[in-house]
Amino acid sequence: MALSSTRPAERSSSDSVIKDERDWPDFVCGAGAACMNILATFPAYKVMFRQQVEGLRFRKALSQVLREGVSNLYRGVVPPMMQKGTSLAIMFGSYYKFQKVLSRNFTNTPSVVTNTSAAMLAGSMEGILTPFERVQTLLSHRGHNERFTNTFHAFKVVGMQYGIREYYRGLTPILLRNGPSNVLFFGLRGPIKSALPDAKTNIGNAVNDFASGAVLGACLSTVFFPANVVKSQMQKQLGGEFMSCVKAFTIVFNERGRSIRRLFYGVSLNYTRAMLSWGINNCSYELLKKLTGYGEFL
């Protein structure tokens, strides 16, 4: 991060080293970026979730959610607020941390290998947050509307009545989604931004950050959409057998008339939501990172 030209040259060198060694800005900025879009995109998630789980078309899913009223519209919003904030903190923070560690310890290894490994490791670390996705799925499923009072009640019931393992139902598709999507996100966001017209102002730079994040978010969320469908199929169940990814996919595939197209019910709304969400995430992260670099934040 560049420093102000008014500082003495001999101090600028040491300061830039200190800034390069700091890990907390990546974690804090990732969390801050995530919290800026959850409330705006959660209603869209609710409709998309109904399409995923019940195989409904958009209009029917939307009318179903609206009929349940405003009181249920944001039911289950606390887990994604907690999960996404922590998830993006881990995603950005651990990626750059792993990148530094691997680069220092494997100096002869090509950067593409260390960067790919760092992204995979960061995605795997996000798997520890599976309980938040688990509870969010339960609270979003209408079959559990009467069972759980709120987020904390759901966490309590799942843990006390079904055990810790129940929190991690659906972990496998989450790991299969997180690792590869992280590799593609961190590997492509730089080249995509470079392909855009040069920004001559801070606003133009923010627009480029938003655009690159939006394009990547929309594309990656579409590619990995079936993994989320399988995850939702596994997580909507409470108690009983822990089914494999293959079995969950087979059940969904058969329920959707063995149609690949129907596996993507909800993808249009998911695509639009991801464009907005990841555009905000990427733009906000870069803005907050710049502010932390200059000491204007926290």
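**Entry 1: terms and ground rules**

Contact means heavy atoms within 4.5 Å. I looked at Asp209 with that rule. Leaving out residues up to four places away in sequence, Asp209 touches Lys193, Gly279, Asn282, Cys283 and Glu286. Asp209 sits in helix H11. Helices here are DSSP runs (H or I, at least four residues), strands are runs of E with at least two, and both are numbered from the N terminus. I also looked up its burial. Asp209 is buried, at a relative accessible area of 5%. Buried means under 20% relative accessible area, exposed means over 50%, and partly exposed lies in between (1.4 Å probe, protein chains only).

The model is predicted: local features need pLDDT of at least 70, side-chain atom pairs count only at pLDDT 80 or more, and totals for chains, interfaces and linings use all residues. Residues are numbered from 1 along each chain as its sequence is written, and side-chain values use heavy atoms, with hydrogens and water left out.

**Entry 2: the cores**

I turned to the nonpolar cores. A nonpolar core is a set of buried Ala, Val, Leu, Ile, Met, Phe, Trp, Tyr and Cys residues joined through side-chain atoms within 4.5 Å. The largest one has 21 residues. Which of them touch the most other members? I found Phe92, Tyr95, Tyr96, Phe185, Phe186, Trp278 and Tyr285. Helices H2 (24-35), H6 (78-105), H7 (111-125), H10 (171-195), H11 (202-223) and H15 (267-293) each give two or more residues to this core. H6 gives the most, with six residues.

I then picked Phe186. Setting aside neighbours within four places in sequence, Phe186 is in contact with Met91, Phe92, Tyr95, Tyr96 and Ala119. There is also a second, separate core of 19 residues. Among its members are Tyr45, Leu56, Val65 and Phe253.

**Entry 3: helix H8**

How many residues of helix H8 are buried? I noted 11 of the 11, residues 130-140, so H8 is largely enclosed by the rest of the structure. The buried residues include Glu133, Arg134 and Gln136 as well as Phe132 and Leu138. They pack against H3 (38-54), H6, H9 (151-162), H10 and H12 (225-235).

Next I checked Thr151, which lies in H9. Thr151 is buried, with a relative accessible area of 5%. Residues up to four places away aside, Thr151 touches Val78, Pro79, Val135 and Leu139.

Ile192 is in helix H10. Is Ile192 buried or partly exposed? I read a relative accessible area of 22%, so Ile192 is partly exposed. Ile192 touches Ser212, Val215 and Leu216, not counting residues up to four places away in sequence. Ile192 and Leu216 are 24 residues apart in sequence, and their C-alpha atoms are 8.5 Å apart in space.

Leu66 is in helix H4 (residues 58-67). I read Leu66 as exposed, with a relative accessible area of 58%.

**Entry 4: salt bridges**

I counted a salt bridge when a side-chain nitrogen of Lys or Arg is within 4 Å of a carboxyl oxygen of Asp or Glu. By this rule there are 12.

Lys97 and Asp23 make one of them, at 3.0 Å from N to O. Lys97 lies in H6 and Asp23 in the loop between H1 (9-21) and H2, so the pair ties together parts 74 residues apart in sequence. Lys97 is partly exposed, at 34% relative accessibility.

Arg50 forms a salt bridge with Glu68, and the closest N and O atoms are 2.9 Å apart. Arg50 is in H3, while Glu68 is in the loop between H4 and H5 (70-73), 18 residues apart. Arg50 counts as buried, at 1% relative accessibility.

Arg142 and Glu54 also meet in a salt bridge, at 3.1 Å. Arg142 is in the loop between H8 and H9, Glu54 is in H3, and they are 88 residues apart. Both ends are partly exposed: Arg142 has a relative accessible area of 43%, and Glu54 has 26%. I also noted a network: salt bridges that share partners join Asp23, Lys97 and Lys100.

Over residues 110-195 the chain is 73% helix and 0% strand, with the end C-alpha atoms 23 Å apart. Over residues 204-291 I noted 81% helix and 0% strand, with the end C-alpha atoms 17 Å apart.
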